[in-house]
Amino acid sequence: MPLPFTFDDVRRRPVAVVGAGTLGRRIALMFATRGGDVRVHDPNPDQARAAVDYVADTLPEILARRGSGEAGRAIAADDLAAALDGAWLVVEAVPERLDIKIPLWGEIARAAPFDAILTTNSSSYASRLMSENIRDRTRFCNLHFYMPPAANAADVMSDGETAREVIDTLLTVLPEFDVHPFEARRESTGFIFNRVWAAIKRESLAVVAEGVARPEDVDGMFRLNWHMPAGPFQMMDRVGLDVVLDIEDHYAAENPHLPEGPRRLLHEYVDAGRLGVKTGEGFYRYPPASAP
C-alpha cells in the first residue's frame with residue numbers, strides 16, 4: 001500500500017508493540033481504542049500477557065471517559081514474526097539500551113511488512129543511532145510517547161532519511177487514537193518536551209541531592225504553584241528510576257559538564273532496587289495495587 005496512509009487505509013490492519021513494560025502496555029492501550037488488533041510481543045511471555053490484561057481492564061474506562069471509539073483487542077504474541085504479520089505500524093518500547101535496540105531492529109526490519117512504518121519509542125536516543133541493520137531507513141523514525149492515557153502528546157522525529165510521507169501519515173492518523181503528535185523539525189536529544197523536562201527534573205534532583213529540600217517539598221510546590229496533579233519526583237517514580245537514570249546517563253555522555261549530583265542520587269535508589277511504582281517504592285512508597 002503506498003504512503004501516505006489514511007486511517008481508513010489502516011483501520012483493519014494490526015499495530016505491533018514490541019516491549020510490554022510500563023509504556024509498552026500503555027501504547028498498546030491507545031491503539032486498541034478504535035476497534036483494531038494490537039499485537040504485543042515481549043521476550044518475557046508473562047510480561048506480554050500482563051500487558052494484555054492491563055489493556056482489557058483499562059480500555060472500557062478509557063472509552064467511557066472519551067465518549068467515542070470502539071473496543072479493540074490486545075493479543076500476546078510469543079513469536080516476533082507473528083506479532084509483525086500484516087502490521088501497518090511497529091512501535092518498539094524495549095529498555096533504553098542500544099545494545100538491545102540495534103540487533104532487535106535488524107530482526108524487526110527483516111520480518112515486518114514492506115510498507116510498515118517502523119518507530120522507536122526511545123526517550124533519549126535518536127532513531128539514527130539504532131538504524132544500522134535497517135535496509136529501508138525511509139520507513140524508520142522516532143515516535144516517543146509520554147504516559148498515555150493521561151499524557152497523550154508524542155514526539156515524531158526523522159532518522160535523517162525518513163520519507164516525508166511517513167511523517168505525514170503519523171501526524172494525520174495518530175490523532176484518531178487520541179495520540180497527538182508534534183514534529184521535531186531537526187534532530188534533538190530529548191526531542192521537544194523532554195528537553196524542557198530534563199532541565200526541570202535535573203534541577204529537582206539537585207536540590208534534593210544537596211539537602212536543600214525533600215522530594216515531597218519539591219512536589220508540593222509544583223502542585224500548589226502550577227496546579228499540577230503530580231510533581232517531578234512522583235512523575236519520575238511512575239516512569240521508573242532505572243529508566244530515568246539511563247536517560248540521564250545518556251545526556252551526560254553527550255554533555256560531560258552536567259552536574260553529577262542528580263545521577264548519584266538516582267544511583268542510590270536504583271542500586272537499592274527502589275525503582276518507583278513498579279517495585280512498590282522509589283522516592284515514595286506505593287501499595288501493590290499501584291503497579292501498572
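Strand 6 (residues 140–147) is largely enclosed by the rest of the structure, because eight of its eight residues are buried. Buried here means under 20% relative accessible area, exposed means over 50%, and partly exposed is what lies in between, all with a 1.4 Å probe and protein chains only. Strands are DSSP runs of E with at least two residues, helices are runs of H or I with at least four, and both are numbered from the N terminus.

A word on the model itself: it is predicted, so local features need pLDDT of at least 70 and side-chain atom pairs count only at pLDDT 80 or more, while totals for chains, interfaces and linings use all residues. Residues are numbered from 1 along each chain as its sequence is written, and side-chain values use heavy atoms, with hydrogens and water left out.

**Neighbours of strand 6**

Let us look at what flanks this strand. Two strands count as paired if DSSP finds at least two bridges between them. Strand 5 (residues 117–120) pairs with strand 6 in the parallel sense, over three bridges, and Leu118 stands opposite Phe140 of strand 6. Strand 7 (residues 151–158) runs antiparallel to strand 6 and is joined to it by six bridges; here Cys141 stands opposite Ser158. With three residues between them, strands 6 and 7 form a hairpin.

**Aromatic rings**

The structure holds nine aromatic pairs. Rings of Phe, Tyr and Trp (its six-membered ring) pair if their centres lie within 6.5 Å; planes under 30 degrees apart count as stacked, over 60 as edge-to-face and the rest as tilted. Two of the pairs are set out here:

| Pair | Centre to centre | Angle between planes | Class |
|---|---|---|---|
| Phe7 and Phe177 | 5.7 Å | 75° | edge-to-face |
| Phe222 and Trp226 | 5.3 Å | 85° | edge-to-face |

Phe7 lies in helix 1 (residues 7–10) and Phe177 in the loop between helix 6 (164–173) and strand 8 (180–184), so their pair ties together parts that are 170 residues apart in sequence. Phe7 is buried, with a relative accessible area of 8%, and Phe177 is buried with 5%. Phe7, Phe31, Phe145 and Phe177 form one aromatic cluster.

Phe222 is buried at a relative accessible area of 17%, whereas Trp226 is exposed at 56%.

A ring also takes part in another kind of contact. The charged end of Arg202 sits over the ring of Tyr251, 5.4 Å from its centre; this label requires NZ of Lys or CZ of Arg within 6 Å of the ring centre and within 35 degrees of the ring normal.

**Two domains**

The chain is divided into domain 1 (7–184) and domain 2 (194–279), with bounds that come from an automatic or database domain assignment. Taken over C-alpha atoms, their centres are separated by 26 Å. Eight residues from domain 1 and six from domain 2 make up the contact, where contact means heavy atoms within 4.5 Å. Between them the domains bury about 720 Å², 56% of it on carbon and sulfur atoms; this is the accessible area (1.4 Å probe) that two parts lose on being put together, summed over both.

Finally, a look at Asn194, which lies in helix 7 (residues 193–209). Asn194 is buried, with a relative accessible area of 7%. Leaving aside neighbours within four places in sequence, Asn194 is in contact with Ser123, His144, Tyr146 and Tyr251.
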